[in-house]
Amino acid sequence: MARLLIVHHSPTPGLRALLDSAVAGAAAPGIDGVEVVVAEALDPDPDLVAASDGYLLGTPANLGYMSGALKHWFDVVYNPSLEHTARRPFGCWVHGESDTTGAIAAIEKIATGLQWRAVQPPLGLIGPVDDALSGQTWELAAALAATLMDA
Ligand SMILES: Cc1cc2nc3c(=O)[nH]c(=O)nc-3n(C[C@H](O)[C@H](O)[C@H](O)COP(=O)(O)O)c2cc1C
C-alpha cells in the first residue's frame, strides 16, 4: 500500500482546520490503497520519510519564510532523504495573512534539491481560514493521494 506522509505545523485553530481538511481530502471517496500518515514538523523522522511514497507539507508563513518547525524538519530529513526520495510526488500549502511567496519559494528550492516532483502548484492561502480555503487543502491532498494510487 502506498503511503502519503502529511507533515505540518499547525499551532492555530485555522491552521488545524486546513490540516483536518487535507487529511479528509487524502481519504476522499474513490481513493483506495493509500495510507495517510500525519506527522508534526517538530518531530522529524528520516526513516518515515524514506518509507513514504509522497509528501504533503503544510505550514504558516512566518517572517517571510516557512515556519521554523518545517525548516527544522527539512534540516533533519534532507541529507538522509537525498538518495531515497528523488522523483517522489509532493505538494504543499502555506497559510499567511498577507504574503506567502517567500515561504513557497523556500520550500520549492528545497524540494528541487531533493528532486521531488510537484503534482500541483504550491498552494498559497491568504486570510482567515474558511470553507473556501479549507476546500483548497482538501483538493490538493485528494490530488496527491490520487497520484499515489498509481504508485
Ligand atoms: C511571528 C509571525 C510572523 C508572521 N509572518 C507572516 C508572513 O511573513 N507572511 C504572512 O502572510 N503571514 C505571516 N504571519 C501570519 C501567520 O502566517 C498566521 O498567523 C498563521 O498562518 C495562522 O493564521 P491564523 O491565525 O489565521 O490561523 C506571521 C505571524 C506571526 C506570529
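The legends below describe an overall view and two close-up views of a predicted model. Residues are numbered from 1 along each chain as its sequence is written. Because the model is predicted, local features need pLDDT of at least 70 and side-chain atom pairs count only at pLDDT 80 or more, while totals for chains, interfaces and linings use all residues.

View 1. The chain holds 5 helices and 7 strands, which are DSSP runs numbered from the N terminus (helices H or I, at least four residues; strands E, at least two).

**View 2. Leu63 in the loop between strand S3 and strand S4**. The loop that holds Leu63 runs between S3 (54-62) and S4 (65-66), and phi of Leu63 is near 55°, a positive value in a residue other than glycine. Leu63 is exposed, with 9 other C-beta atoms within 10 Å (exposed: 12 or fewer other C-beta atoms within 10 Å of the residue's own, these atoms being placed from the backbone).

**View 3. Arg87 in the loop between helix H3 and strand S5**. Arg87 lies between H3 (68-81) and S5 (89-96), and its phi, near 70°, is positive in a residue other than glycine. Arg87 is exposed, with 8 other C-beta atoms within 10 Å.

How values were computed: A residue is buried if 20 or more other C-beta atoms lie within 10 Å of its own, exposed if 12 or fewer, and partly exposed in between; C-beta atoms are placed from the backbone.
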